[in-house]
Amino acid sequence: MLVQKANAGSKNKISLEYASKIAVAGLRKHKMEFDLIYTSLLLRAHQTVDVIANGMNYSNLPVRCHWRLNERHYGNLTGYNKREMADKFGEEQIQIWRRSYDVLPPKIVPENPFYCKIRNNPKFKNIPEDIFPDTESLKEVIARVLPLWECDIMKEVLKGSRVLVVAHGTVVRALIKHIDGIGEKEITELNIPNSVPCVFEYDLKTCKRVNKMQYLADEEYVKKEQEKVAKIGDYTTGKMI
């Protein structure tokens, strides 16, 4: 599994460089091979898939794209810098919206500059109208992701397929909470380091997890990136999209 959390513009270029230097290096070092890739419908995830595929010399590897792996919908915070929102609502409130299990940010409104871009995006045409989100907490992301995980991805894993999931920060948090059975309070403290692959292994006979989750990067680097993710950052950090 691999987190991909790039933003638009120059930040996306930096994140793609991380994907090349950190993700590909970790996968190569541990001699990881895959039969199938799952990812979201978002461009930055597709770009990361391309970086990994090129770096690992994968050719014609099947890629399945699904809306259930899209990044969390941050409601009316969408499109705004985290520091700007912290100045407006206070750091404590922003961190509650970012890190809590079930506290929803304000719903996105038509006046939000990203409202029409999201609603009218042709990539999202297959999302049922009755479940098209206008805001999400981690709880809603888990409910959205689990059907794909349990009915599709895990079926491939238990058939023996080596699966790589290229997703986004909150989606990976949601999956790790489910896989490791992390509590609602404890999950608020989990920070996913950007572009660092993490490995889950399963026994195909018992269909159960074996070994602990493993990050494919230096321990000090992982810790540094986790601390960076936990912070709100300054006015140059990524937007909440």
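Is E225 buried or exposed? E225 counts as buried, with 2% relative accessibility; buried means under 20% relative accessible area, exposed over 50%, and partly exposed in between (1.4 Å probe, protein chains only). Welcome to this briefing, which looks at confidence and then at salt bridges. This is a predicted model, where local features need pLDDT of at least 70, side-chain atom pairs count only at pLDDT 80 or more, and totals for chains, interfaces and linings use all residues. Residues are numbered from 1 along each chain as its sequence is written, and side-chain values use heavy atoms, leaving out hydrogens and water.

**Confidence**

- The chain has a mean pLDDT of 91 (pLDDT is the predictor's confidence in each residue, from 0 to 100), and 91% of its residues reach 70 or more.
- Residues 5–10 have a pLDDT below 50, and this stretch has 13 contacts in the model beyond near neighbours in sequence; a contact means heavy atoms within 4.5 Å.

- The structure holds 10 salt bridges, each a side-chain nitrogen of Lys or Arg within 4 Å of a carboxyl oxygen of Asp or Glu.
- One of them joins the side chains of D35 and R162, at 2.9 Å from N to O.
- D35 sits in the loop between α1 (10–29) and β2 (36–39), and R162 in the loop between α6 (138–158) and β4 (163–167), so this pair ties together parts 127 residues apart in sequence.
- The helices (H or I, at least four residues) and strands (E, at least two) are DSSP runs, numbered from the N terminus.
- D35 is partly exposed, at 30% relative accessible area, and R162 is also partly exposed, at 43%.

- E129 and R119 meet through their side chains in a salt bridge of 3.0 Å, N to O.
- This pair links distant parts of the chain, 10 residues apart: E129 is in the loop between α5 (115–119) and α6, while R119 is in helix α5.
- E129 is exposed, with a relative accessible area of 59%, whereas R119 is partly exposed, at 28%.

- Our opening residue, E225, forms a salt bridge with K228, and their closest N and O atoms are 3.1 Å apart.
- Both residues belong to helix α8 (residues 219–230), where three residues, about one turn of the helix, separate K228 and E225.
- K228 is partly exposed, with 42% relative accessible area, while E225 is buried.
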